[in-house]
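User: Could you take me through this structure, beginning with the ligand site and then moving on to the interior of the protein?

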Amino acid sequence: MTNQIKNVAVIMDGNGRWAKKKGLPRTAGHLQGTKNIRNITIAANDLGIKSLTLYAFSTENWKREQSEVEYIMKLPAQFLDDYLEELIENNVVIKLIGERDRLPEYTRKPIEEAEARTAHNNGIILNLCLNYGGQREIVLAVKQMIADGVKEEEVTEDLFASYLMAANCNPIDLLIRTSGEQRISNFLLWQIAYSELYFTDKLWPDFTAEDFKEAILNFDKRERRFGGR
Ligand code: V0D
């Protein structure tokens with residue numbers, strides 16, 4: 001039923017608010033959000049979705065308090081410590097999308113090891129966008145095309161797309177944003193040209209596999225009604 005869905009993207013918003021509601025420090029919300037990445041990845045894989053693209057950190061977030069940023073940057077290593085073996089058993093492929101060179105070693109290294117260990121898997125592709133910005137991605141693509149001496153008449157949508165950081169990330173069929181905000185916030189821009197958009201008030205740590213399935217069902221209904229594109 002859902003086999004036409006290739007790529008679902010999610011803006012995982014509301015971790016800080018989740019913690020505040022519970023009287024916990026913001027970091028507790030981020031930790032809970034990390035656990036939910038595991039749940040939603042397994043759910044999406046079970047639904048036969050080809051790839052799940054998650055926005056975990058935007059350049060704007062760098063302005064947050066340094067202790068919070070440090071905590072967040074340690075989450076990838078913790079996530080992989082806790083769940084990599086299980087994700088491998090589920091055939092998940094892990095990929096990092098973003099400016100890697102500006103990530104601290106303790107963040108980048110475990111992710112690159114996970115990429116290497118999962119590259120040959122044939123299950124869902126889990127794209128983790130980290131130190132990623134949609135406008136930055138477009139600027140970097142233009143710079144590289146100029147550096148490569150691409151000629152004006154050679155520039156096409158396909159060539160341009162091949163220069164994007166998220167080049168091997170399929171077009172997004174469905175973009176979900178949790179926590180009530182109805183904005184793109186400099187997440188994928190080029191790749192959402194034909195996406196359906198789905199907004200929910202649920203905070204990311206409260207967004208369950210059931211909620212995810214509901215979003216997918218809603219997408220299927222829209223596709224059946226309008227035939228897509
Ligand atoms: C914080 C909600 C897992 C969003 C989820 C540094 C806010 C929890 C990862 C992760 C973050 C990244 C790469 C990877 C494996 C896991 C993660 C960040 C934030 C940005 F290969 N959770 N998580 N990355 N949060």
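**The ligand and its surroundings**

Analyst: In this predicted model, a polar atom in the side chain of T34 is placed 3.3 Å from a nitrogen atom of the ligand. The protein covers 98% of the 530 Å² of accessible area that the ligand has on its own.

User: Which residues come nearest to the ligand?

Analyst: The ligand has 18 residues around it, and by class this shell holds 14 nonpolar, four polar and no charged residues. Those that come nearest are H30, T34, I37, F79 and L128.

User: Which element gives the largest share of the shell around the ligand?

Analyst: Two elements give two or more residues to this shell, namely α2 (26-46) and α3 (66-89). The largest share amounts to five residues, and the element they come from is α3.

User: Is S67 buried, partly exposed or exposed?

Analyst: The place of S67 is in helix α3, and its C-alpha atom is separated by 20 Å from that of Y132, which is 65 residues apart from S67 along the chain. Buried would require under 20% relative accessible area and exposed over 50%. Because the relative accessible area of S67 is 45%, the residue counts as partly exposed.

User: Which residues have the most contacts inside the largest nonpolar core?

Analyst: The largest nonpolar core has 37 residues, and its largest share, seven residues, comes from α3. Setting aside residues up to four places away in sequence, L52 touches a list of residues that includes V8, I40, A44, I124, L126 and F212. The residues with the most contacts inside the core are V8, L52, I94, I176 and F212.

User: Which residues is T118 in contact with, leaving aside its neighbours within four places in sequence?

Analyst: T118 is found in helix α4, which covers residues 105-118. Its relative accessibility is 0%, and because buried means under 20%, T118 counts as buried. Leaving aside those sequence neighbours, the residues in contact with T118 are L84, I88, V92, V93 and I94.

**Loops and backbone details**

User: Which backbone nitrogen does the side chain of D173 reach at 2.6 Å?

Analyst: D173 lies in the loop between α6 (157-162) and β5 (174-177), and with a relative accessible area of 11% this residue is buried. A polar atom of its side chain lies 2.7 Å from the backbone nitrogen of N7. The backbone nitrogen that the D173 side chain reaches at 2.6 Å is that of K6.

User: Is S179 buried or exposed?

Analyst: S179 is found in the loop between β5 and β6 (196-199), and although S179 is not a glycine, its phi is positive, at about 80°. Since buried means under 20% relative accessible area and S179 has a relative accessibility of 3%, the residue counts as buried.

User: What value is phi of N186 near?

Analyst: The place of N186 is in the loop between β5 and β6. N186 is a residue other than glycine with a positive phi, and the value is near 65°.

Conventions:
Residues numbered from 1 in each chain as written. Predicted model: local features only at pLDDT ≥ 70, side-chain atom pairs only at ≥ 80, totals over all residues. Heavy atoms only, no water. Near = heavy atom within 4 Å. Polar contact = N/O pair within 3.5 Å; in protein donor to acceptor, adjacent residues only side chain to side chain. Areas by Shrake-Rupley, 256 points an atom, 1.4 Å probe, with all protein chains shown as cover. Helix = DSSP H or I, 4+ residues; strand = E, 2+ residues; numbered from the N terminus. Nonpolar A, V, L, I, M, F, W, Y, C, P; charged D, E, K, R; others polar. Buried < 20%, exposed > 50% of the residue type's maximum accessible area, 1.4 Å probe, protein only. Core = buried A, V, L, I, M, F, W, Y, C linked by side-chain atoms within 4.5 Å. Contact = heavy atoms within 4.5 Å.
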